[in-house]
Amino acid sequence: MKKSVVSPWIASLSLAAVLSGCPQQPEPPVEDPVRTPVARHSYVSFAALGTPTPLQVAGRLSVPTSAQGRVPAVVIAHGSGGVDTRGSFHAQALHEAGIATLEIDMWAARGLSGGAEGRPRAVAETLPDAWGALKYLSAHPSIDASRIGITGFSWGGLMAMLSATRKYAVGAEPGQRFVAHAPFYPVCWAYNRVPSYEFGELTGSPIFIQAGDADQYDDPDSCQRLVDSLSPADRANVSLTVYPGATHGWDRLEPAIRITDPYSHTGRGGEVDIAPSPETAETSRRAMVDFFRRNFGLTP
């Protein structure tokens, strides 16, 4: 029979620990790997509305598992780099608030790689994707067609802005429109200066802009100047929050990157730092969810 042998020095250490009254370290809690999902996911496709040639757009539709009857929904539009972690980061919080999401992939539909060199020439070219998503959601049996909004990041933020204008809203199916718009860092300097980026004569749906004062696409006050330039009637529908020290893409919770874009630095072009800020990401996500909850008539 084998015997267990304890070295004398180990035994003395153990005895000393007991005699000194040192408490034993508690075992760290074991996280339960089994979690109840907050949403049911499905991969769908729908036709874009108003493209020169027919175009099928893919997306991930997520409906909260807590849904009872028809629920509100938000279209999520990605930035120039394509679908990344920002969409799922914000979608999770929307699902927990009882709001469905449809995150669309505009680049795959066009065979584009993304980035400054791999995107369409103008944001208006992708608005048919937003109108197609709105039409798809409006006909879905789980979605309340009267409560559909849109959010987006950078390129997608410009889509959320332009879709709030009467000029571009005519591209939607008759009788349909987004009832709330929540753009993130939507390159504010470009509106009413670059052709096809006209922003004014709004539909009346509320718009909530979130921007950072360290965003190298804009000047620190670009978004405030844009809001101030609007007519009183349009300005009444627009709210703005600017986060100190936040760069473009602060909610991209991945390693920091540096990109080059001809639209950066108020159109002069150049390098742009995209640095994650977990604190600002959480604050802005909570503000976005609260905005949609209010405008969808959801109780806190």
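These legends accompany several close-up views of a predicted model.

Figure 1. Residues are numbered from 1 along each chain as its sequence is written, and side-chain values use heavy atoms, with hydrogens and water left out. Because the model is predicted, local features need pLDDT of at least 70 and side-chain atom pairs count only at pLDDT 80 or more, while totals for chains, interfaces and linings use all residues. Where pLDDT is low, the predicted coordinates should not be read in detail. Of the 300 residues, 48% count as buried (buried is under 20% relative accessible area, exposed over 50% and partly exposed in between, with a 1.4 Å probe and protein chains only). Among contacts with a separation of 6 or more, 78% link residues 24 or more positions apart.

**Figure 2. Arginine 40 in strand 1.** Here is a residue of strand 1, which spans residues 39-47. Arginine 40 is partly exposed, with a relative accessible area of 45%. Its C-alpha atom is separated by 5.3 Å from that of valine 63, 23 residues apart along the chain. Setting aside neighbours within four places in sequence, arginine 40 is in contact with Leu61, Ser62, Val63, Pro64 and Thr65.

**Figure 3. The buried residues of helix 7.** Look along residues 222-229 and you will find Ser222, Cys223, Leu226 and Val227 buried. They lie on the same side of helix 7 because they cover an arc of only 135° around the axis, taken from the directions from the helix axis to the C-beta atoms. An α-helix has 3.6 residues a turn, so residues three or four places apart point the same way. The buried residues of helix 7 pack against helix 5 (155-162), strand 7 (207-212), helix 8 (232-235) and strand 8 (238-243).

**Figure 4. The largest cavity.** A cavity is a set of points, on a 1 Å grid over the protein atoms alone, where a 1.4 Å probe fits but cannot get out; a pocket is an open set with protein on both sides within 12 Å along at least five of seven lines, and lining residues have an atom within 4 Å of a point. The whole structure has 1 cavity of 30 Å³ or more. The largest cavity has a volume of about 40 Å³, the space filled by probe spheres set on grid points joined across faces, edges and corners. Its lining includes Ser222 and Cys223, and strand 7 and helix 7 each supply at least two lining residues.

**Figure 5. The largest pocket.** This pocket has a volume of about 260 Å³. Of its 19 lining residues, Ser80, Gly81, Ile257, Ile259 and Ile274 are the closest to its centre. Strand 9 (residues 257-261) gives the most to the lining, with 4 residues.

Methods. Contact = heavy atoms within 4.5 Å.
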